[in-house]
Amino acid sequence: MNKSDLKPASVFEQFAKINQIPRPSKREEKMIKYLQEWGESHHLQTIVDETGNVLIRKPATKGYENRKTVILQSHMDMVCDKLVDIDFDFDKDAIQTFVDGEWLKAKGTTLGADDGIGCAIELAILEADDIEHGPLECVFTRDEETGLTGAEGMKAGFMTGDYLINLDSEDEGEIFVSCAGGRNTQAKFTFTREEAPADAFFLRAQLKGLTGGHSGDDINKKRANAIKILGRFLFQTMNRYEGVRLAQFHSGKLHNAIPRDGMFVIAVPNELKENVKADWNIFSAQVEDEFHVTDKQMVWTMESTDRELVIDAQVARNFVWAIQAVDNGIYAICQDPELNGMVETSSNIAAIHSSETEINILSSQRSNVMSNLDNMCATIVATFQLAGAEAHSSDGYPAWKMKAESHLRDAVVDAYKELFGREPVVRGIHAGLECGLFSERYPNLDMVSFGPTLRDVHTPDERLYIPTVEMVWNHLLLVLRKL
């Protein structure tokens, strides 16, 4: 398959244009300007609110003027991650895509299909003159990935439609009707640095090549977390040998991604350096066997490095013990039988970075049950506070609860069965969707979420399954025609 074969052509043309525009979370100004100018150039009513969300209205086609207004919604920002050896500036450079079989991928970076493909579908519908539909409001929110601040800042009344179709889901054939709420928890250890013992030998250890993934949608796949693995080795080593000192720890980038790589620097007594190297080799083999199904490309290195000041011994010990102890992964499974064993509550230790005087830790917690979200956050906070760190949780965003009755859900399911001759899966998702915030501002809004198949989002392995784009396109057009 070549790029010229991609269908629908109008959607992939819009996606190609979007990927020329830098749009990191919180720095979407170029994308906002593009959307505003695009809407105005097509003589469509275009509104930008004070937060930076963009709304483009399109009148109904002839004969559909009395239909209820449908809102199509996606977010304009993208997660920016790249391979460690790739030279790429997300504030300047265009995403470079290529076709690999039936998948669309990017060269060494995230693809931006989350949620650039949703934006492309909206723009293709706005531009088309041969699609039957009622009144449309196409909404493009900003900064979904790092806090849902676009949806958070949207005031009631900005959208006026009756139905909302969110195009930020990643499994074709699945219709999402609820999502988890989420909060971030941060912790900070403070310290003074000091000289290592005169006979100390410094070692730099690095782990990379993990699969990573989305901290909500992939948390049930039992993938390795670089922070937890490196913390395990440090805990074992400090328990086994006297005089091991920590100088650096770095891993992870984003609250909503499972960390794929990391490194630490330690000082060990000179007579123990070969023991520690041997332990590292044994440990790496054991971990590779433990994660041989999910993480097949692990790369481990340990080598000598330059001498430097080390972290206060007690603070370093407390930090390592906290990383060993802190919850990570699935905490509870949904009890509602309609949600079919979906993860209810989870936590992800997402990023840790040391500086001259601090170690800063970022984690994210998710749950469909807000009281259990509070409990999960309290558990993380307590773990770090017991270790002597400052810790607190953010306000976060609410869960989106499934409606008992939904005309939109029924119409979407019926259209799918008519088009493909099979039942779609109707379920919740263990990830944050902006529908949770919309449900607070617009309590009567009838909502669903669906989209084409994406894999390994929030990583440089992100890829879009090309055939599903046309399936979603045809499904959406039938829904708009029949709703």
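**Pockets, cores and cavities**

Student: Which residues lie nearest the centre of the largest pocket, and how many line it?
Tutor: Leu83, Gly209, Leu210, Arg260 and Asp461 lie nearest the centre, and the lining has 16 residues. On a 1 Å grid over the protein atoms alone, a pocket is an open set of points with protein on both sides within 12 Å along at least five of seven lines, a cavity is a set where a 1.4 Å probe fits but cannot get out, and lining residues have an atom within 4 Å of a point. This is a predicted model, numbered from 1 along each chain as its sequence is written, in which local features need pLDDT of at least 70 and side-chain atom pairs count only at 80 or more, while totals for chains, interfaces and linings use all residues. Side-chain values use heavy atoms, leaving out hydrogens and water.

Student: How much space lies in that largest pocket?
Tutor: The largest pocket holds about 290 Å³, a volume being the space filled by probe spheres set on the grid points, which are joined across faces, edges and corners.

Student: What lines the second largest cavity?
Tutor: The second largest cavity, of about 100 Å³, has a lining that includes Asp81, Lys253, Arg260, His458 and Thr459.

Student: Changing topic, is Leu246 buried or exposed?
Tutor: Leu246 is buried, because its relative accessible area is 0%, and buried means under 20% (exposed is over 50%, partly exposed in between, with a 1.4 Å probe and protein chains only). Leaving aside neighbours within four places in sequence, Leu246 is in contact (heavy atoms within 4.5 Å) with residues including Leu234, Met238, Phe264, Val310 and Phe319.

Student: How far is Leu246 from Ser394 in space?
Tutor: Leu246 and Ser394 are 29 Å apart, C-alpha to C-alpha, and 148 residues apart in sequence.

Student: Which residues have the most contacts inside the largest nonpolar core?
Tutor: They are Ile125, Phe140, Ile165, Leu464 and Leu476, in a core of 61 residues; such a core is a set of buried Ala, Val, Leu, Ile, Met, Phe, Trp, Tyr and Cys residues joined through side-chain atoms within 4.5 Å. Another core, of 51 residues, lies apart from that one, and Leu210, Phe283, Met298 and Ile359 are among its members.

Student: What does Ile125 touch?
Tutor: Apart from neighbours within four places in sequence, Ile125 is in contact with residues including Lys58, Leu72, Trp473 and Leu480.
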